[in-house]
Amino acid sequence: MSEVVGTPVELLNQAAGYGVLVGVGSVFAIGMIITTLLLKKYLHENARTTETFSVANRSVGTFLSASAVYSSWSWATEFVMLNSQVYNYGIQAAYYFGAGLAVQIAVMSMVGIHAKKKIPTAHTSLEVVEARYGRTAHLLYLVLALICNITSSSAMVLTVASLISIIAGNLHIVASTMLIPFGVLLYTVVGGLKATFLTDFVHTTILLIILCYLNTAVLTSEQVGGLNGLWDKLVAVSQTKYIEGNYEGSIITGKSQGAVIFGLVLTAGNFGLSVMDSAFWQKTFSASPRATVPAYLLTAFFIFSNVWPIGTIAGGALHFLESDPSFPTYPRKMTSYEVASGYVLPYVLKATLGNGAVGALLLVIYLAVTSTLSAQMVSVSSILSFDIYKKYVNPAAKNKSMIRVAHVGCVFFGFGIAGFCIMLHYVGVNMTWYTYFYPIVICPGVIPILFTITWARQTFWAAVLSPLIGLFAAIAVWLSTAYHYYGAINIDTLGGQLPALWGSLTALLLPGVASIVISFIKPEKFDWAELQKLDLLIKDDDDTSSFIQAANEETTEKQEDVDVKVETEQSSQDADEKEAQLDRNKPQQLSPKELDFWIKVATVSAISILLITWVIWPMSLYRNWIFSASYFKGYVTVSLIWLYATLIVIGFIPFYTGRHSVAIVFRGLYNDYIKKSK
């Protein structure tokens with residue numbers, strides 16, 4: 001353990017880092033490749049078709065979709081940055097982090113069901129823009145979407161690579177940065193979006209199990225002492241620690257100016273990270289029409305579980321653990337660099353639970369970053385294949401060439417983002433600064449692209465000019481407010497809370513106002529029927545069609561061979577299950593009346609979640625009041641109940657709903673390999 005003042009502490013040896021980066025990455029890659037082959041053989045899901053690779057045949061069910069969205073929204077930066085903000089601004093920062101995650105997913109449920117009704121054959125958000133506004137707007141939003149993909153991916157990889165390099169015995173950050181995309185590339189290239197859904201499910205289940213363990217174990221640890229111990233020690237440390245902007249400087253108050261500002265910046269940025277990220281659109285396209293809204297609303301409801309309990313328990317405990325001899329930096333306090341870079345949570349786990357918990361955290365952040373990075377790879381590869389290659393290079397492209405471009409796109413983006421993160425590291429960018437910066441560049445297109453799919457009166461000029469106005473105005477506000485508040489414009493002042501707040505809100509809200517004003521200067525009304533009649537599906541070429549036909553014939557022959565050898569009753573059961581499986585794989589089409597119903601549900605839910613998470617609940621606490629013992633203990637207890645419920649609904653139920661598919665695969669393996677060998 002290092003005792004050099006200001007030097008981050010080494011918590012594990014390098015073998016732990018390589019074990020996760022290479023060992024776990026390889027296991028997941030091999031497992032998902034095998035799974036993809038089994039799906040193709042026994043469930044007739046062929047990842048060599050563009051429709052399967054990009055949108056999973058638009059047939060994914062409610063709970064698997066919810067698990068995938070939950071996993072994509074479980075950013076590695078959440079777990080580490082959350083606790084840094086609780087250290088800076090008190091317990092309420094954990095709540096605002098959750099509030100900054102929920103409403104965007106509810107909005108995406110609304111976006112998804114609008115897309116199901118208005119352009120059901122789309123693959124990316126940019127196809128919607130091009131179909132409505134044409135080439136100029138398409139190119140503009142293409143650039144904005146890629147900026148979002150690059151920024152979001154680099155933020156995650158940069159943070160995780162830095163954490164792994166510190167946790168794992170000063171593992172060189174270049175090595176960790178380059179190895180993170182390694183396993184992701186293998187299974188994403190082979191399996192496409194369906195492989196991403198399956199790995200998301202596995203990742204989410206493991207992640208939630210570990211979170212349940214970490215939260216419960218930290219709370220009941222000797223240093224914390226359960227609910228009573230956590231409360232008593234927070235009250236005691238509040239007498240000596242003062243947080244500027246909090247009521248009476250208390251750690252345990254709902255009135256926290258810094259937490260509110262952070263929450264607003266996070267909320268604005270997360271609108272950009274969801275709405276501008278084509279990966280979230282693709283997952284709405286991939287879900288069956290009936291599953292789209294329920295899946296996203298389930299995620300919006302349960303996403304608090306990622307941050308609420310661990311921020312309250314581990315982040316709260318840090319305030320008094322920092323002075324405990326078990327703390328890794330003892331006798332010194334944490335440096336501002338360590339706090340800003342996200343070392344709070346690993347230090348708390350080291351102090352309370354030891355190396356095993358730190359290793360579990362290492363696995364959690366690796367699973368989180370690979371899950372989201374996989375979706376980003378499919379997103380960027382789809383943009384490259386659908387919105388660049390097919391649109392501008394080879395309009396007659398069919399399945400085979402599209403898949404080739406998508407595969408190349410995955411590889412190019414995976415290693416390209418690793419190189420970009422290495423550059424960011426060497427210029428001195430850290431997690432907190434980057435989080436405050438990226439909303440300014442990714443939010444200007446949010447409201448205009450929402451209007452593109454929901455508002456018939458947004459005009460071409462409004463769609464094109466409003467994000468540009470928002471981008472340049474946000475940068476101007478960011479720079480000018482940094483100078484106004486701090487008297488200089490440099491890397492430190494630009495990372496301040498207030499410049500980030502005003503710049504982010506300008507980037508998010510001004511384009512919406514500008515779009516409405518410009519649209520009413522010369523009003524138009526778009527006919528949604530123009531989108532509904534488009535057929536954007538990628539046709540199979542001869543080679544692929546032959547491949548699919550041959551594969552199906554081979555499967556049929558094997559099934560017939562098996563049927564001869566089994567009893568009549570069992571044969572009938574197999575045939576029924578096979579027919580049922582084929583029916584389940586077909587996208588369920590909804591009537592216009594049903595689609596309108598789900599649009600209303602999604603709209604009301606998004607508004608309700610916004611009001612509850614940002615008005616009713618937090619504003620009732622934003623007063624001159626310090627949490628009482630009963631309120632705080634109930635608050636922590638409910639957060640743990642929420643987490644365990646999430647494990648059941650998001651982690652376990654998808655396996656139950658997919659039990660028929662699992663049974664068919666295992667029966668096929670038994671018939672082909674075990675029964676034949678007897």
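Visitor: How many cavities of 30 Å³ or more does a search of the whole structure find?

Guide: Here's the general idea: rolling a probe the size of a water molecule over the atoms shows where empty space is left. In this predicted model, the search finds four cavities of 30 Å³ or more. A cavity is a set of points on a 1 Å grid over the protein atoms alone where a 1.4 Å probe fits but cannot get out. Volume is the space filled by probe spheres set on the points, which are joined across faces, edges and corners.

Visitor: What lines the largest cavity?

Guide: That cavity holds about 130 Å³ of space. Of its 15 lining residues, Trp75, Thr77, Leu266, Asn270 and Tyr438 are the closest to its centre; lining means having an atom within 4 Å of a point. By class, the lining has 10 nonpolar, four polar and one charged residues. Here Ala, Val, Leu, Ile, Met, Phe, Trp, Tyr, Cys and Pro count as nonpolar, Asp, Glu, Lys and Arg as charged, and the others, Gly among them, as polar.

Visitor: Is Lys116 buried or exposed?

Guide: Buried means under 20% relative accessible area, exposed over 50%, and partly exposed in between, using a 1.4 Å probe and protein chains only. Lys116 has 11%, so this residue is buried. Its side chain reaches the backbone oxygen of Ala287 at 2.5 Å.

Visitor: Anything to know about the numbering and the model?

Guide: Residues are numbered from 1 along each chain as its sequence is written. Local features need pLDDT of at least 70, side-chain atom pairs count only at pLDDT 80 or more, totals for chains, interfaces and linings use all residues, and side-chain values use heavy atoms, leaving out hydrogens and water.

Note on methods:
On a 1 Å grid over the protein atoms alone, a cavity is a set of points where a 1.4 Å probe fits but cannot get out, and a pocket is an open set with protein on both sides within 12 Å along at least five of seven lines; lining residues have an atom within 4 Å of a point. A polar contact is a pair of N or O atoms within 3.5 Å; within protein, one must be able to donate a hydrogen and the other to accept it, and residues adjacent in sequence count only if both atoms are side-chain atoms.
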